[in-house]
Amino acid sequence: GMSVYFIGTWGFNLLKIGFTSGDWRKRISALQIGNPEELRLYALVEGNRDHEAELHRRFDDVSYRGEWFYHLRGLKDYLHEARATALYHRMNGTREP
């Protein structure tokens, strides 16, 4: 289904906020090619492209480059609150979907 993913390298200091209409694993594999560090899923929430764009605008103050954001301030708060409704959240201790 349609979802917005938050992925990052180990430590999750930087997170990429992206959209996928398919399997997030395919997206992470494609992104991994150009990244020397292992990428991991931090969270997956229901959402469409508009939701992704809204999140990019909302967290502009912690923007790093493109779709990558520092895991700080409002983004950190958002992800903490998202634990209750996320399709997957690393802090919930469940298996990746």
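Visitor: How many helices and strands are in the protein chain?
Guide: In this predicted model, the protein chain has three helices and six strands.

Visitor: And what pattern do they follow along the sequence?
Guide: Reading along the sequence, you get β-β-α-β-α-β-β-α-β. The protein chain has a radius of gyration of 12 Å, close to the 13 Å that the globule rule gives for 97 residues, so it is as compact as a globular protein of that length.

Visitor: What does the C-alpha trace span along its principal axes?
Guide: About 30 × 30 × 25 Å.

Visitor: OK, on to the sheet. In what order do the strands sit?
Guide: The six strands make an open sheet, ordered β4-β5-β2-β1-β3-β6, with antiparallel pairing. The edge strands are β4 (63-65) and β6 (88-89), and each of them pairs on one side only.

Visitor: Which residues make up β1 and β2, and how many bridges join them?
Guide: Strand β1 covers residues 3-9 and strand β2 covers residues 14-20, and six bridges pair them in the antiparallel sense. Within that pair, valine 4 stands opposite phenylalanine 19 in β2.

Visitor: How many bridges does β1 have with β3?
Guide: Seven, again in the antiparallel sense. Here serine 3 stands opposite glutamate 46 in β3.

Visitor: Is β3 largely enclosed or largely open?
Guide: Largely enclosed by the rest of the structure, because six of the eight residues of β3 (residues 39-46) are buried.

Visitor: How many bridges join β3 to β6?
Guide: Two, and those strands run antiparallel. Look for alanine 43, which stands opposite histidine 89 in β6.

Visitor: Remind me, how do strands of a sheet pair?
Guide: Through hydrogen bonds between backbones, in either a parallel or an antiparallel sense.

Visitor: Changing topic: what share of the 97 residues is buried?
Guide: Buried residues account for 39% of the protein chain.

Visitor: And the contacts, what share joins residues at least 24 apart?
Guide: Taking contacts between residues at least 6 apart in sequence, 61% join residues at least 24 apart.

Visitor: What does the accessible surface come to?
Guide: It comes to about 5,900 Å² for the protein chain, and carbon and sulfur atoms hold 48% of that.

Visitor: Last one: how many positive and negative side chains are there?
Guide: There are 14 positive and 13 negative side chains in the protein chain, with the centres of the two sets 5 Å apart.

Methods
Residues are numbered from 1 along each chain as its sequence is written. This is a predicted model: local features need pLDDT of at least 70, side-chain atom pairs count only at pLDDT 80 or more; totals for chains, interfaces and linings use all residues. Side-chain values use heavy atoms; hydrogens and water are left out. Helices (H or I, at least four residues) and strands (E, at least two) are DSSP runs, numbered from the N terminus. The radius of gyration is taken over C-alpha atoms; the globule rule is 2.2 Å times the number of residues to the power 0.38. Buried means under 20% relative accessible area, exposed over 50%, partly exposed in between (1.4 Å probe, protein chains only). Contact means heavy atoms within 4.5 Å. Accessible areas come from the Shrake-Rupley method with a 1.4 Å probe; for residues, only the protein chains shown count as cover. Lys and Arg count as positive and Asp and Glu as negative; His and the chain ends are not counted. The place of a charge is taken as NZ of Lys, CZ of Arg, CG of Asp or CD of Glu. Two strands pair if DSSP finds at least two bridges between them.
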